[in-house]
Amino acid sequence: MQRRIVSLGPGGEERVLARNIEAADLAVTVKGTVYFSDPERKTISYLDAAGKTRTVYENGEVASPSGLALSPDQAMLIVSDAQSRFSWSFQIAPDGSLINGEPFYRLEMPETGWMSGVEGVTEDTNGEVYFATSVGIQVCEANGRVSAILNPPEPGAVSSVTFAGHDMDWLYITEGGKLFRRPVKVSGAKVWEPSKPPTPPL
């Protein structure tokens, strides 16, 4: 394991952004900064545009910070908790710090076991959040309520979820070492083009 974060250019050229780090998931901002989670140490760290790394969350109530996703306007960071029923929402301060965190998204739990098992997370331009869980893709409205659960393509736990494609209207997931995709009628939030989401429902 090389324990580093790298970026790849259009021609496949590799540039090392950070070394000697543990990262379960990444969230990249339009400014080129990166948030990354470390469930074992229960931390979220921040890599700034100058290549300096600092911890922006540690020893808090998030038992196992795993998946990370930015809101469409990049004002908030969503953090999934692989142990708890609740996943978290943090406000991003001007210096990149995480503030005003709260357990915001209440997910459905599996019937067996005591952990939620939630891993990856992504968000669409409407402010709805998609969580990869052991019971499928759980979709939460911007107010934090689960509005739908999409069945996994095969029996088993979904490990990651993201939007991709030219118009960001394909939903990709991984499960059991396989990659699946399906067309959807919404668009994923674009890192390179922040946009203000609609007002959340009551």
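The largest pocket has a volume of about 520 Å³, a pocket being an open set of points on a 1 Å grid over the protein atoms alone where a 1.4 Å probe fits, with protein on both sides within 12 Å along at least five of seven lines, and lining residues having an atom within 4 Å of a point. This is a predicted model, in which local features need pLDDT of at least 70 and side-chain atom pairs count only at pLDDT 80 or more, while totals for chains, interfaces and linings use all residues. Residues are numbered from 1 along each chain as its sequence is written, and side-chain values use heavy atoms, with hydrogens and water left out.

**Largest pocket**
- Of its 29 lining residues, L26, L68, V121, T122 and T162 lie nearest the centre.
- Strand β7 (65-70) is among the contributors of at least two residues, and the largest share of the lining, 5 residues, comes from β7.

**Second largest pocket**
- This pocket holds about 390 Å³ of space, and among its 20 lining residues S71, M76, Y105, A142 and P200 lie nearest the centre.
- Strands β8, β9 and β10 each supply at least two lining residues, with the largest share, 4 residues, coming from β10.

**Strand β9 and its partners**
- Because 5 of the 7 residues of β9 (residues 86-92) are buried, the strand is largely enclosed by the rest of the structure, where buried means under 20% relative accessible area with a 1.4 Å probe and protein chains only.
- Strand β8 (residues 76-81) runs antiparallel to β9 and is joined to it by 4 bridges, with V79 opposite W88.
- Strand β10 (residues 98-106) is also antiparallel to β9, through 6 bridges, and S87 stands opposite Y105.

Note on methods: Buried means under 20% relative accessible area, exposed over 50%, partly exposed in between (1.4 Å probe, protein chains only). Two strands pair if DSSP finds at least two bridges between them. Grid points are joined across faces, edges and corners, and a volume is the space filled by probe spheres set on the points.
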